[in-house]
Amino acid sequence: MNGRERGEKRHRGVLLVISGPSGVGKGTICRELKRIYPDVVYSVSATTRSPRPGEVNGRDYFFYTEEKFKDLIAKDAFLEWAKVFDNYYGTPKDFVDATLRRGQDCILEIDIQGALQVKKKESLGVFIFIMPPSKEELLRRIKGRGTEKAEQIKVRMNKVEWELEQADNYDYVVVNDMINTAAEEIKRIILEEKGRIAGDISCSAENTSC
Ligand code: ADP
Ligand code: 5GP
């Protein structure tokens, strides 16, 4: 590694991947995290699903047609992409790269298939799995959100068993019982990881004895 590469690596932001089953509260936690720790940048994903009431194109998602999404896959524009239930979702690669290169931390809130893809590519990523307090509570939350029909809820719940088993592939598991406690825990993880990664890099770059 030359001096310039070392400098770039040292100033690179931390990539945080937050995932877990649908309805566990990922979006809610990220909104709270944004409030208590505004320094991180959230990657806005692309999707082929229709906007829900109140969702804004470019803020909540980039809402694309399937044709446009597949064109972007062909152009290798995604860091990861996955078909989640009936729709495609993907993380724009250039945005994440540019954010990290500027030295800012970047959060991806994505499904488990996507997180596993990122894990293969980003060795310095920090992977956080959001766990529901129980399967019954997860079902209550999905139903309570009121954005899916009964059939769609059934499809999502059928996947839960497999999803919960994937928690072992993550660096951290955070139980979303109380929203503020879960968000505080994630903030603590981010700060700890930033310190650890900065320490590792300056150690390997400057001090061969550590
Ligand atoms: P996800 O983004 O994981 O699909 P959401 O953030 O949309 O999940 O949350 C699903 C539902 O659960 C929402 O109605 C949200 O208000 C509710 N919720 C999230 N976290 C909690 C919590 N800790 N306690 C109670 N309800 C919660
Ligand atoms: P929703 O349609 O409820 O917003 O999201 C459905 C699922 O897709 C959630 O689990 C969400 O985390 C996931 N998701 C959102 N954006 C992305 C993305 O860019 N990539 C992947 N793989 N999953 C995503």
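**Entry 1: the pocket and ligand 2**

The model I am reading is a predicted one, and in it I looked up ligand 2, which sits in the largest pocket.

I then asked which residues are closest to ligand 2. I found that 16 residues surround it, and that the closest are Ser-45, Arg-49, Tyr-61, Glu-80 and Tyr-89. Looking for strands in this shell, I noted that β5 (78-84) and β6 (87-92) each supply at least two residues.

For Arg-49, I read 2.6 Å between an N or O atom of the side chain and an oxygen atom of ligand 2, and for Tyr-61 the corresponding distance is 2.6 Å. For Lys-26, I noted 3.4 Å from a side-chain N or O atom to an oxygen atom of the ligand. Ligand 2 taken alone exposes 510 Å², of which the protein buries 95%.

**Entry 2: ligand 1**

I turned to ligand 1 and found that it, too, sits in the largest pocket. There are 13 residues around ligand 1, and those that come nearest are Gly-23, Lys-26, Thr-28, Arg-145 and Asp-177.

Where does the largest share of the shell around ligand 1 come from? I traced it to α2, which gives three residues, and I noted that α2 (26-36) and α6 each supply at least two.

For ligand 1 I followed the backbone. A polar backbone atom of Gly-23 is 2.8 Å from an oxygen atom of the ligand, while for Gly-25 I read 3.0 Å, again from a polar backbone atom to a ligand oxygen. At Gly-27, a backbone N or O atom lies 2.9 Å from an oxygen atom of ligand 1. Taken alone, ligand 1 exposes 570 Å², and the protein buries 74% of that.

**Entry 3: salt bridges**

I kept in mind that side chains of opposite charge can pair when their charged atoms come close. My search of the whole structure returned 15 salt bridges, and I looked into several of them.

In the pair Glu-66 and Lys-70, the closest N and O atoms are 3.0 Å apart. I placed both residues in helix α3 (residues 66-74), and because they are four residues apart there, about one helical turn separates them. I listed Glu-66 as partly exposed, since its relative accessibility is 39%, and Lys-70 likewise counts as partly exposed, at 40%.

Lys-135 and Glu-161 form another salt bridge, with 2.6 Å between the closest N and O atoms. This pair links distant parts of the chain, for Lys-135 is in helix α6 (residues 135-145) and Glu-161 is in helix α8 (residues 160-165), 26 residues apart. With a relative accessible area of 34%, Lys-135 is partly exposed, and Glu-161, at 43%, is partly exposed as well.

Last, I looked up Glu-148 and Arg-156, whose side chains meet in a salt bridge at 3.5 Å, N to O. Are these two residues buried or exposed? I found both Glu-148 and Arg-156 to be buried. Arg-145 was already in my notes, as one of the residues that come nearest to ligand 1.

Definitions and conventions: Residues are numbered from 1 along each chain as its sequence is written. Chains are lettered from A and ligands numbered from 1 in the order in which they are written. This is a predicted model: local features need pLDDT of at least 70, side-chain atom pairs count only at pLDDT 80 or more; totals for chains, interfaces and linings use all residues. Side-chain values use heavy atoms; hydrogens and water are left out. A salt bridge is a side-chain nitrogen of Lys or Arg within 4 Å of a carboxyl oxygen of Asp or Glu. Buried means under 20% relative accessible area, exposed over 50%, partly exposed in between (1.4 Å probe, protein chains only). A residue is near a molecule or strand if one of its heavy atoms lies within 4 Å of it. A polar contact is a pair of N or O atoms within 3.5 Å; within protein, one must be able to donate a hydrogen and the other to accept it, and residues adjacent in sequence count only if both atoms are side-chain atoms. Accessible areas come from the Shrake-Rupley method with a 1.4 Å probe; for residues, only the protein chains shown count as cover. On a 1 Å grid over the protein atoms alone, a cavity is a set of points where a 1.4 Å probe fits but cannot get out, and a pocket is an open set with protein on both sides within 12 Å along at least five of seven lines; lining residues have an atom within 4 Å of a point. A molecule sits in a cavity or pocket if more than half of its atoms lie within 2 Å of its grid points.
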